[in-house]
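Dear colleague,

Please find below the structure that I am handing over to you, together with its sequence. My findings follow directly after it.

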There are 2 protein chains.
Amino acid sequence: MYEGVVQDLIDELGHLPNIGPKSAQRIAFHLLQADPADVRRLAEVLIRAKEQVRFCAVCFNVAEQQECKICRDPRRDPSSLCVVEESKDVVAVEKTREFRGRYHVLGGAISPIDGVGPDDLRVKELLKRLADGVITEVILATDPNLEGEATATYLARLIKPLGLRVTRLASGLPVGGDLEYADEVTLGRAFEGRRQLDV
Amino acid sequence: MYEGVVQDLIDELGHLPNIGPKSAQRIAFHLLQADPADVRRLAEVLIRAKEQVRFCAVCFNVAEQQECKICRDPRRDPSSLCVVEESKDVVAVEKTREFRGRYHVLGGAISPIDGVGPDDLRVKELLKRLADGVITEVILATDPNLEGEATATYLARLIKPLGLRVTRLASGLPVGGDLEYADEVTLGRAFEGRRQLDV
């Protein structure tokens, strides 16, 4: 509908995840009316990110060096390994300040419907790390959905025979949530995982 | 939370309209894992769009030349002028194939709350065009919301004394919509604008 490069811009923006045609159009017009310096900065950071960012050779988190900043940090406990699906999950766990161990980023979850099997994830690399004799606990922090649960079950079966402690994050009611609005699966899990109050 | 350029990328994406921090993160990781050629193409189209796209000297629609393709088209009726807020509204009207005249893009709507007054819009330029003696009808196609209505009323008062026909797009029920889900203002307008059925 637009002339040449305007349409090209809308098309390219529309290829981004969660950007529909209307959003792509809105962003395109925002950029066309924006300060040229702002647009140039965005274009440059795209190129620079693509050039500079790689994936940590140890844990596959995003990194700007051979190893990511968590793997490089000697204060992190090497005996505890938290397995997550994506780099953004590393950030989510880091924000809690509850975990001082290291990570392993799988690169997704097992999902037959999307054609993602264990060989498409960094499972071999995980098993290789677990063979180092230093790691004693593996926390399976994949998403609490169908794919994440399947992945955790699959990994637990592989790891248990190695004699390591394998744990899974607790499922239950979100803090600050309302009991009546909890879905039944979550509420069921919350019952299942109920803890004794020692008062 | 991320290392250097990853965070820069998320920050830059987060400045785009309707992109929250979560979306910015999702898009950033999508791009980091995408084909480098795709990312380069996006960066290039940003730069190119910014360099090549200007605004039509006549109607202020987006254009790649001095005048936009509609203003350059001799088959368009020069006597009918459709006044819209933004270039994307031109596309919306064009898609209907109902209008064969020309456009005038105001660049927004009067909105005291956002500090946008008539002087911030291309009103002077509109009045100059209307003085050419060729235009006989002005269709005020600003948005059917508070700001758009205020802008249309303001423009109508300016244009009426020039002896031109000034019209406004009909308000009413959306085609394919459900009467019970229509808001009361829309339903009220639909009653107001009811037409006799000649059967």
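I begin with a pairing inside one chain. In chain A, strand β3 (residues 80–84) and strand β5 (residues 137–140) run parallel and are joined by four bridges. Within this pairing, Cys82(A) stands opposite Ile139(A) of β5(A). Helix α6 of chain A, residues 123–130, packs on the sheet and touches β3, β4 and β5 of chain A. The direction of this helix makes about 150 degrees with that of β4(A). Please bear in mind throughout that this is a predicted model.

The sheet of chain A as a whole is open and has four strands, in the order β4-β3-β5-β6, with parallel pairing. Its edges are taken by β4 (102–105) and β6 (165–168) of chain A; each has a single partner strand, so one side of each is left without a neighbour in the sheet. On average, neighbouring strands of this sheet are turned by 25 degrees against each other, direction ignored.

UniProt, in an unreviewed entry, places the feature "domain: Toprim" at residues 79–174 of chain A. In the model, this span is 33% helix and 18% strand, and its end C-alpha atoms lie 29 Å apart.

I turn next to chain B. Four strands form an open sheet here, ordered β4-β3-β5-β6 and paired in parallel. The edge strands are β4 (102–105) and β6 (165–168) of chain B, each with a single partner strand, so one side of each has no neighbour in the sheet. Neighbouring strands are turned by 25 degrees against each other on average, direction ignored. Strand β3 (residues 80–84) of chain B is joined to β4(B) by four bridges, and the two run parallel. One of the residues involved is Leu81(B), whose bridge partner in β4(B) is Arg102(B). Helix α6 (residues 123–130) of chain B lies across β3, β4 and β5 (137–140) of chain B and runs at about 150 degrees to β4(B).

How much area is buried between chain A and chain B? The value is about 5100 Å², of which carbon and sulfur atoms give 70%. The contact takes 54 residues from chain A and 54 residues from chain B.

Between chain A and chain B there are 13 residue pairs in polar contact, counting pairs with both residues at pLDDT 80 or more. On the side of chain A that touches chain B, the elements giving two or more residues are α1 (4–14), α2 (21–33), α3 (36–52), β2 (62–63), α4 (69–72) and α5 (87–96) of chain A. Of these, α3(A) gives the most, with 15 residues.

Charged pairs also occur across the contact. Side chains of opposite charge can pair when their charged atoms come close. The count over all chains is 18 salt bridges, and between chain A and chain B it is six. One salt bridge is formed by the side chains of Asp8(A) and Arg48(B), at 3.8 Å from N to O. Another salt bridge links Arg40(A) with Glu51(B), where the closest N and O atoms are 3.7 Å apart. Arg40(A) lies in helix α3 of chain A and Glu51(B) in helix α3 (residues 36–52) of chain B, so this pair joins two chains.

With kind regards

How values were computed: Residues are numbered from 1 along each chain as its sequence is written. Chains are lettered from A and ligands numbered from 1 in the order in which they are written. Side-chain values use heavy atoms; hydrogens and water are left out. Two strands pair if DSSP finds at least two bridges between them. Axes are lines fitted to C-alpha atoms, for helices over the stretch in contact, and angles run from 0 to 180 degrees between N-to-C directions. Contact means heavy atoms within 4.5 Å. UniProt positions are given in the numbering used here, feature names are shortened, and annotations may be inferred rather than shown by experiment. Buried area is the accessible area (1.4 Å probe) that two parts lose on being put together, summed over both. A salt bridge is a side-chain nitrogen of Lys or Arg within 4 Å of a carboxyl oxygen of Asp or Glu. A polar contact is a pair of N or O atoms within 3.5 Å; within protein, one must be able to donate a hydrogen and the other to accept it, and residues adjacent in sequence count only if both atoms are side-chain atoms.
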